[in-house]
Amino acid sequence: MRVSTVPVRAGAPDQEPPVSGMAPRSDPSPGVRRPRAGVFVWPALILLLVFQAVPFALSVFYSFTNQRLLSPRPARFIGTSNYEYLVTDPVFHRAVTNSLTFTVIAVPILTGLALGLALLLDSRLRGIGVFRVAVFAPVVMVAAVSATIWRLLFAEDAGLINGVLAAVLPGFEPRAWLDDPSTALGAVMVMFVWRYAGFMMVIFLAALQGVPQELLESARLDGANRLKQFRYVILPSIRNTTVFVVTISAIFALRLFDEVYIATDGGPLNATTTFLLHLVKVGFNQQRVGEASAVAIVFVLVSVAVAVLIRLIGRERREVD
Amino acid sequence: MARISKRRYTRLGGKAAHLLVLGTISLLFVAPILFMFIGSLKPNELVLTEGSSWRAFVPTAASLDNYVGAFRRAEFDRLFVNSVIVTVSTIVLGLTVNSMLGYALARLRFRGRRLVMLIVIALITIPLQAFAIPLLLMLSRIGWVDTYHIQIAPFIAAPFFIYMFYTHFLDLPKELEEAAAIDGAGPMRTFLSIIVPLAKPAYASAAIIGFLFYWGELLWPVLVTRGPEVRPLPVGIAVFQHLPPVQWGETMAFATMMTIPILIVFLVFQRAFVRSVARQGVKG
């Protein structure tokens, strides 16, 4: 039997005031030991504060200074100079454009493909599990390994992609996909979609299996064909999941790093440089921590903006219905 | 009669078409992994010359030379040990502290509980990359660069897992804990003897997902390791594939060896794994 629990939202008011378990207090009801939560809370809390919260605060702080990575000279406060520089820096512009373009194109492809796969795999055929595992397998691969493999697959003379396309399309000229500024980002998109399709597919699959069967049945009885069933019963039932998938796909897309670090190093000519690769190059290779911190803050703001935007778009369509 | 057999034919045909599509798609998804594995068995030149044809998937000349080469040239054993040390430590310590905080947030009342909850939720949305460089700066000043602990410590407390444990513990029935409290058991005793055994699936999911995250972590080790002493595998393969003379067969062997631990863990636990990913998605 399950005891009903109070659903907790961040910032939601508690039903009862939190009682101290960390500092001794006079006990109003002797004999009832107040649970001591200290040992449960402090280890993780200290780690979080020291290794995540404080560095993030430092990030905000450094973005207004000219801090360097190794220099013994103390950092000087320079106000918004870093941010002003970013506004004019063409490489940063390229990073932002690439990241946003990548996100805007790859996320719908990924979401659509994942949903299609989930529909195909939502079946009780015997052995369907094998196919699901196969589609999910790329998710489990280490990103660095996948990027390495794809580097070879996209190679101009030794690459399988060119080999397959040459065999299938008459008169096809092999291309150096990762060395050509016009195709490099697309190649990275292929890597990205291949890697995450299974992950999103599994999420959709779970949602599809939660679609109320009675609705589908009544639609079928009303004469709706598969397409109509999909559009009017299935899609609305999985709206929240779809928004979720789009959101995390966008987050992953904006955070693209491993693939571009290994397969293209942001090239050719910055055609595939992304937010995070730029961050690493500026802060680590060029040692400009101040500027890198500004990049990091912009990145966080853009991520939040994109997530909010997706949420708004998702909600708006619900109201239109 | 003809009508009946036609209907059965299309249903069978439909099923066959369905299976064919599924089979093709599955092959497409698995192809690069197969390519990696087959390539690791071939001599380096053949990997390149046969890479663009169907022979890429056929072990035309199978040997383990590449594995020997990768071991020797890339010091694979050292990199492997490094990855194991870092990953296992992070997971073991992480499961401990994250589940304890998750339990405290779900069941214990303490001063500042709401503030801590807020911090955890806020940190979930802030990616490592947003503060990686200042963290590097901080830790380099105390001499932590190029060590094991710099690769482990920042990842032990993970807001994502804290939240995961929190939601899991919230759903557990309270009677058992209440009974234990009546028997005079303190929170730690209750936690260790009742909650932990009950939450085994959550611990298993967290361990597997954690293994996946940390085994493949690239950005942080790139920033904090310098030489090969404590370098983990992902950085290792990034370096090795550019190390002259560049040998793709050996690189594929390296890639395969790096992937095998995860593939084993995955294949053994895949049903639980896939289910936990789906559960997170439905909750979201």
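**Close-up views of a predicted two-chain model**

**View 1. Asp265(A) and its salt bridge to Lys281(A).** Asp265(A) counts as partly exposed, at 42% relative accessibility; buried means under 20% relative accessible area, exposed over 50%, and partly exposed in between (1.4 Å probe, protein chains only). The side chains of Asp265(A) and Lys281(A) meet in a salt bridge at 3.6 Å, N to O, a term for a side-chain nitrogen of Lys or Arg within 4 Å of a carboxyl oxygen of Asp or Glu. This pair links distant parts of the chain, 16 residues apart: Asp265(A) is in the loop between helix 11 and helix 12 (275-285) of chain A, and Lys281(A) is in helix 12 of chain A. Lys281(A) is also partly exposed, with a relative accessible area of 24%. Helices (H or I, at least four residues) are DSSP runs, numbered from the N terminus.

The model is predicted: local features need pLDDT of at least 70, side-chain atom pairs count only at pLDDT 80 or more, and totals for chains, interfaces and linings use all residues. Residues are numbered from 1 along each chain as its sequence is written, chains are lettered from A in the order in which they are written, and side-chain values use heavy atoms, with hydrogens and water left out.

**View 2. The salt bridge of Glu259(A) and Arg195(A).** The N to O distance of this pair is 3.7 Å.

View 3. Thr190(B) counts as buried, at 5% relative accessibility. Its side chain reaches the backbone oxygen of Gly186(B) at 2.8 Å. Leaving out residues up to four places away in sequence, Thr190(B) touches Tyr103(B), Glu177(B), Ala180(B), Ala185(B) and Ile195(B), where contact means heavy atoms within 4.5 Å.

**View 4. The interface of chain A and chain B.** Here 97 residues of chain A are in contact with 102 residues of chain B. The area buried between the two chains is about 8,800 Å², of which carbon and sulfur atoms give 78%; buried area is the accessible area (1.4 Å probe) that two parts lose on being put together, summed over both. Helix 1 (residues 38-62) of chain A gives the most to the side of chain A that touches chain B, with 19 residues. Across this interface the rule finds zero salt bridges.

Note on methods:
Helices (H or I, at least four residues) and strands (E, at least two) are DSSP runs, numbered from the N terminus. A polar contact is a pair of N or O atoms within 3.5 Å; within protein, one must be able to donate a hydrogen and the other to accept it, and residues adjacent in sequence count only if both atoms are side-chain atoms.
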